[in-house]
Amino acid sequence: MQQPIRHIVMWNVHGDCEAQRQAAIAAVRHEFEALRGQIPGMSGLEIGVDVSCVSYACDMVLVSEFDSSAALAAYAEHPAHLRARDRLEGMRVARHQVDYPVVTVPEAE
């Protein structure tokens, strides 16, 4: 049985003013949300925008889940993902990523 993989990516976006940063956040959100239903093996996708405003927080996060590590690898090279990445070139100025196996803990009776 293949184990699901969670793929988390956090970004800071480029912008010389708040309006530019908000436009970049909206563009990133739009591009990644448009991938829903296009990527085989992607079982979930969520975009979050930071509201804490602490100095060390990233601006936004993508949390996605894949049926397997092979599905995640295929996503990395999928044409729709590559097109979205190309359209966002220069909007994201910092990127952090964590991929890990999803462990399901049985509920206590």
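Predicted model: local features only at pLDDT ≥ 70, side-chain atom pairs only at ≥ 80, totals over all residues.
1. Residues are numbered from 1 along each chain as its sequence is written, and side-chain values use heavy atoms, with hydrogens and water left out.

2. On to the aromatic rings. The structure holds two aromatic pairs; rings of Phe, Tyr and Trp (its six-membered ring) pair if their centres lie within 6.5 Å, and planes under 30 degrees apart count as stacked, over 60 as edge-to-face and the rest as tilted. W11 and F32 make a tilted pair, 5.1 Å centre to centre with 35° between the planes. This pair links distant parts of the chain, as W11 sits in strand β1 and F32 in helix α1, 21 residues apart. F66 and Y75 also form a tilted pair, at 4.9 Å centre to centre and 40° between the planes. Both F66 and Y75 are buried.

3. Now the overall layout. There are three helices and four strands, and from the N terminus on the order is β-α-β-β-α-α-β. Helices (H or I, at least four residues) and strands (E, at least two) are DSSP runs, numbered from the N terminus. The C-alpha trace spans about 50 × 35 × 20 Å along its principal axes.

4. The core deserves a look. In the largest nonpolar core there are 21 residues, and those with the most contacts inside it are W11, F32, I39, M60, L62, F66 and Y75. In soluble globular proteins, nonpolar side chains tend to be buried together.

5. Not counting residues up to four places away in sequence, M60 touches V9, M10, W11, V13, I25, V28, R29, I47, G48 and V49, where contact means heavy atoms within 4.5 Å. Across the protein, 73% of contacts between residues at least 6 apart in sequence join residues at least 24 apart.

6. R21 is found in α1 and counts as partly exposed because its relative accessible area is 22%. Beyond its neighbours within four places in sequence, R21 is in contact with V13, H14, G15 and D59. A26 also lies in α1 and is partly exposed because its relative accessibility is 43%. A26 and V49 are 23 residues apart in sequence and 9.7 Å apart in space, C-alpha to C-alpha.

7. One backbone angle to check: C53, in the loop between β2 and β3, has a phi near 60°, a positive value in a residue other than glycine. C53 counts as exposed because its relative accessibility is 70%.

8. Finally, the surface. Buried residues make up 30% of the 109 residues. The accessible surface comes to about 6,900 Å², of which 55% belongs to carbon and sulfur atoms.

Note on methods. Core = buried A, V, L, I, M, F, W, Y, C linked by side-chain atoms within 4.5 Å. Buried < 20%, exposed > 50% of the residue type's maximum accessible area, 1.4 Å probe, protein only. Areas by Shrake-Rupley, 256 points an atom, 1.4 Å probe, with all protein chains shown as cover.
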